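User: I've got this one open next to its sequence and I'd like to talk it through in plain words. Can we go question by question?

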Amino acid sequence: MDGCKVATAPDTGMESQLGLQNTLKEDTVSQRVEEITPNEEQKPLSEAPAVENEPKEQNGVKHEGSAKKDAKSEESDEDLKKYNRKIPEERSAVKKDEIDAHFDRLPWVVGALSRVLNLGISYGPQFAPINIPIRRRKQTFAVLFWMSTFLFMGAGSLLMLLYLFFYTQYWWVSLCYLTWFLGDHSICSRGGRRVEWVRRLPLWKHYRDFFPIHLIKTCELDPSKNYIMGYHPHGILSAGAFCHFATEGTNFSKNFPGFTPHLLTLEGHFLLPFYREFFMASGAVSATRESMDYLLGREGTGRALCLVVGGAKESLDCHPGEVSLHLSKRKGFCKMALRHGASLVPMFSFGENEIYDQVANPEGSLIRRIQNFLQGIIGLAPCLFIGRGVFQYSFGIVPFRKPIYTVVGTPIDVPQVKMPTKEQIVALHEKYVKAVVDLYNKYKHKYSEFPECEIKIV
């Protein structure tokens, strides 16, 4: 991996073991960095030393050009880079220390179990401290709730309905839900069914603060227009896109007044019982042509459609320290923008790829071939990701505490062409790809943990 250091495995000699023990003592202290509060050891970004051109932040949102109003909110590029690296290198999800290097030499399943069960080494898993402030516990719970709904709510509800139908006297419950689903299954392509109080739950503020997630506004958007906002990169689960467009965690509606945000995602999410109702309550809709035609073709303006352009396939290439965007063959959104005259807005979310580690799966490998096969069947990408746990840092489904900075770029005005030609679609696509690359290169030294990594368009 370019620009990334890989730590070597520990020596087997007595001298290296003593050195490793000393390293572990230091790691125990450095591990605490991941669970400290800004008030304990580090100041938040908005309180750090600043320079003249740094954006001002309010409620998780930064505004370019407002730094002169508040000198305390200004910060130099070097300080920002230091903030992005506040988690020590030896505890990073990418720059493995000697402990992680020991597990990385093993097959993935064996290594994953070894991380939890402490197999093959003389020291145990690293547990979270007991005296963590309650607000940090709330943040962890919020993220765990989000992960649990995605991984377990749909599958668990389906199993429950099957059990009720075949093994209990409450079979009618499953039959009633099936009847409801058959008449309601297309609602995800007709604007969904958003519930504002769900979007505004205090839970999502804790979710935002866990990482934390920042929305960086570089220009104003005209509410008299409709926008297709391209989100890059996909990441493992698009945590930033969910926070910005499916909740009011970063106060999107206040910072872009006059807009109704919608998160566009795979239609398969809306086939899972009960999870579909929860997800649609956030304003999410399916990322299909019918769905976009419905939202952009209706009378009225001020609709902001967030489309994760790379799709599920891009998530398989989302590794920490790499930026690989699947854009070359993705031209359908450009055609849709031309048909409806919707402006395109490039967005880049720095840190999205860093909140999870992912098992190495290069093209042509056995793991990748299996993943591509399963994706072709179920539609979802079966990423083999590694996070941290709730009470320990070795292994789990909870993401790492890494900051996410979502920069909203300058909109590209698109004229309405009912029947766009191939040349018009290609020209707009090339313009959009250039805008994404320029946005990344402009802000990577401020917000990226790995500014030396070059962007790749696949």
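User: Where is the place of Pro233?
Analyst: First, a heads-up: this is a predicted model, where local features need pLDDT of at least 70, side-chain atom pairs count only at pLDDT 80 or more, and totals for chains, interfaces and linings use all residues. Numbering starts from 1 along each chain as its sequence is written, and side-chain values use heavy atoms, with hydrogens and water left out. Pro233 sits in the loop between strand 4 (227-232) and helix 9 (239-245).

User: What is omega for the bond that joins His232 and Pro233?
Analyst: Most peptide bonds are trans. The one joining His232 and Pro233 is cis instead, with omega about -15°.

User: How many helices and strands are in the protein chain?
Analyst: Both are DSSP runs numbered from the N terminus (helices H or I, at least four residues; strands E, at least two). Counting them in the protein chain gives 16 helices and 13 strands.

User: At what angle do helix 5 and helix 8 pack?
Analyst: Helix 5 covers residues 134-167 and helix 8 covers residues 203-210, with their axes 8 Å apart. They come out roughly perpendicular to each other, a label for 65 to 115 degrees. The packing angle itself is about 100°.

User: Is Asn251 buried or exposed?
Analyst: Asn251 lies in the loop between helix 9 and helix 10 (252-255). Its phi is near 55°, a positive value in a residue that isn't glycine. With a relative accessible area of 6%, Asn251 falls under the 20% cut-off, so it counts as buried.

User: What is the relative accessible area of Phe274?
Analyst: Phe274 is in the loop between strand 5 and helix 11, and although it's no glycine, its phi is positive at about 70°. It is partly exposed, a class between the 20% and 50% limits. The relative accessible area of Phe274 is 35%.

User: How much of the protein chain counts as buried?
Analyst: The protein chain has 458 residues. The share of them that counts as buried is 53%.

How values were computed: Axes fitted to C-alpha atoms, helices over the stretch in contact; angles between N-to-C directions. Parallel < 35°, antiparallel > 145°, perpendicular 65-115°, else oblique. Buried < 20%, exposed > 50% of the residue type's maximum accessible area, 1.4 Å probe, protein only.
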